[in-house]
Amino acid sequence: MMRRILLIPITAACFLCGCSRMQPEQRPDEVVKVEFRLPDSYGVQSGGVTKAEDDLGPDNWHDMPDMNISLLPVGSTLWLTYARQSEDGYGKPELQGYVVGTNTGGFNTLYPCTSTLGSDGKMHINSDEIGSPLYLEAGTYKFKMISPAYPIGQDLSMQVNNGMFFYSTDGRYKETSALPIEIDLENTTGGAQYIKLNPIISQVARFDFTISKGKGVHTLEPLEAGIEISGLQDPGEDGITYNWCSEHISDTLEMRYGDKRSWANIPGEELKTESDGSITGEIGVLPTFALDYSIIILINIAVNGVPTQYMTLLNSMILLHAHTYSIKWEISVEEGVISVVTWQNQSWSTDLKPDKTTLEHEYNSLHTPSL
């Protein structure tokens, strides 16, 4: 669902592909322009993540998972909040939208964008319209981020659901937490203070599918229904409210118990056919505690032109945020019977790979199951 770091003054915004209008820059007295270097993001990889606790903080962070780190690609949007410290703690967070663009040097950078209050009562980012630079008074601030910049409530909460990918600041880990940053009127370069914030981390689990051709298979074609996954965390009718910019660690996107009635789908048109004829796809799902339930995966695919449906059960699973769950199948045709190589659920730190056993499957007419 997709990178180099260099920040240039906002006057170079004409080089940003897709941004069409820029507001005049004016510097009020006793403030400094703040520019943000493109943040890193922790991708979904294997590693240990535990549930958030109320007493987490500078002296009690969780260990950071062993993950790959990358930069947000061009065109990515993000919301950023900033809150100033006072004697009573940090004040109310203020919201600013940004988009990742390029300049003439081929490097990626962040540009501020305008936002609009929609008829749904939520803020929507205008990624094609450059906004004014951010000016802040001297003091200590905390900055938090979430990407992509989905519509966001006026209380800064966001509704999230299965099928979404998103990354955010996360106070469970020192490497991804919002640390105090000092804004100093004298600490400037070219009239601006440049800040590189801690990386953001994926808040969902990811399923990564590969379906490859085995003996006797000449073509694999995804059908319209694609890949369907049921038995996931139920987010409710309107999704789960994610208070991503809260100072309370208990507001971290939680893994709930029960309510595993939700499902997600990768439509056939979103599945990719690789050069070797294999079919690949990926999808983000909410963290799910399914030790007492089965996660059901339906694959709708045409094998040598014959519409076929396969079903796989994942038993005793816990889907953790920032983890990838890779599932690989090899489909074969032997003596006119379509079979699929089964796979075994190994450790979460490895791919789920096929074993040597095959299961025979009858030809099935394509249908959408009742979930």
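This is a predicted model: local features need pLDDT of at least 70, side-chain atom pairs count only at pLDDT 80 or more; totals for chains, interfaces and linings use all residues.

Some overall figures, then. The chain has 371 residues, and 51% of them count as buried. The exposed surface comes to about 17,900 Å², with 46% of that supplied by carbon and sulfur atoms.

Let's go inside. The largest nonpolar core has 35 residues, and the ones touching the most other members are Phe-207, Phe-209 and Ile-331. Which elements give two or more residues to this core? Those are strand S17 (205–213), strand S18 (220–232), S20, strand S22 (279–285), S23, S24, strand S25 (324–334) and strand S26 (337–343). S23 makes the largest contribution, at 7 residues.

Let's stay with Phe-207 for a moment. Leaving out anything within four places in sequence, Phe-207 contacts a whole list of residues, including Ile-229, Leu-232, Ile-283, Val-285, Leu-314, Leu-319 and Ile-327. Gly-281, Glu-282 and Tyr-325 are on that list too. Is Phe-207 buried or exposed? Its relative accessible area is 0%, and since buried means under 20%, Phe-207 is buried. Phe-209 is buried as well, also at 0% relative accessibility.

On to the aromatics. Searching the whole structure gives 7 aromatic pairs. Take Tyr-141 and Phe-143: the ring centres are 6.1 Å apart and the planes sit at 25°, so that pair is stacked. Here stacked means planes under 30 degrees apart. Our core residues Phe-207 and Phe-209 make a stacked pair too, with 5.7 Å from centre to centre and 20° between the planes.

Back to the other pair. Tyr-141 is buried, with a relative accessible area of 4%, and Phe-143 is buried with 4% as well. Both of them belong to one aromatic cluster, together with Phe-36 and Tyr-98.

Next, a sheet. Four strands make an open sheet, and the order is S20-S18-S23-S24, with antiparallel pairing. Which strands stand at the edges? Strand S20 (262–266) and S24 do; each has a single partner strand, so one side of each has no neighbour in the sheet. On average, and ignoring direction, neighbouring strands here are turned by 15° against each other. Zooming in on one pairing, S23 and S24 run antiparallel over 13 bridges.

As background, most residues other than glycine have a negative phi, and most peptide bonds are trans. So where does this model depart from that?

Start between S23 and S24. Asn-304 is in the loop that links strand S23 (288–303) to strand S24 (306–319). Asn-304 isn't a glycine, yet its phi is positive, about 50°. Its relative accessible area is 29%, so Asn-304 counts as partly exposed.

Ser-316 is another one, and this residue is in strand S24 itself. Its phi is about 55°, positive again without being a glycine. Ser-316 is partly exposed, at a relative accessible area of 46%.

What about the peptide bonds? There's a cis bond joining Ser-147 and Pro-148, with omega about 0°. Pro-148 belongs to the loop between strand S10 (139–147) and strand S11 (152–153).

One last stop, at a glycine. Gly-131 is in the loop between strand S8 (122–130) and strand S9 (134–136). Setting aside residues up to four places away in sequence, Gly-131 touches Pro-112, Cys-113 and Thr-114. And the C-alpha atoms of Gly-131 and Gly-97 are 8.5 Å apart, though the two residues are separated by 34 residues along the chain.

Definitions and conventions. Residues are numbered from 1 along each chain as its sequence is written. Side-chain values use heavy atoms; hydrogens and water are left out. Buried means under 20% relative accessible area, exposed over 50%, partly exposed in between (1.4 Å probe, protein chains only). Contact means heavy atoms within 4.5 Å. Rings of Phe, Tyr and Trp (its six-membered ring) pair if their centres lie within 6.5 Å; planes under 30 degrees apart count as stacked, over 60 as edge-to-face and the rest as tilted. Two strands pair if DSSP finds at least two bridges between them. Axes are lines fitted to C-alpha atoms, for helices over the stretch in contact, and angles run from 0 to 180 degrees between N-to-C directions. Accessible areas come from the Shrake-Rupley method with a 1.4 Å probe; for residues, only the protein chains shown count as cover. A nonpolar core is a set of buried Ala, Val, Leu, Ile, Met, Phe, Trp, Tyr and Cys residues joined through side-chain atoms within 4.5 Å.
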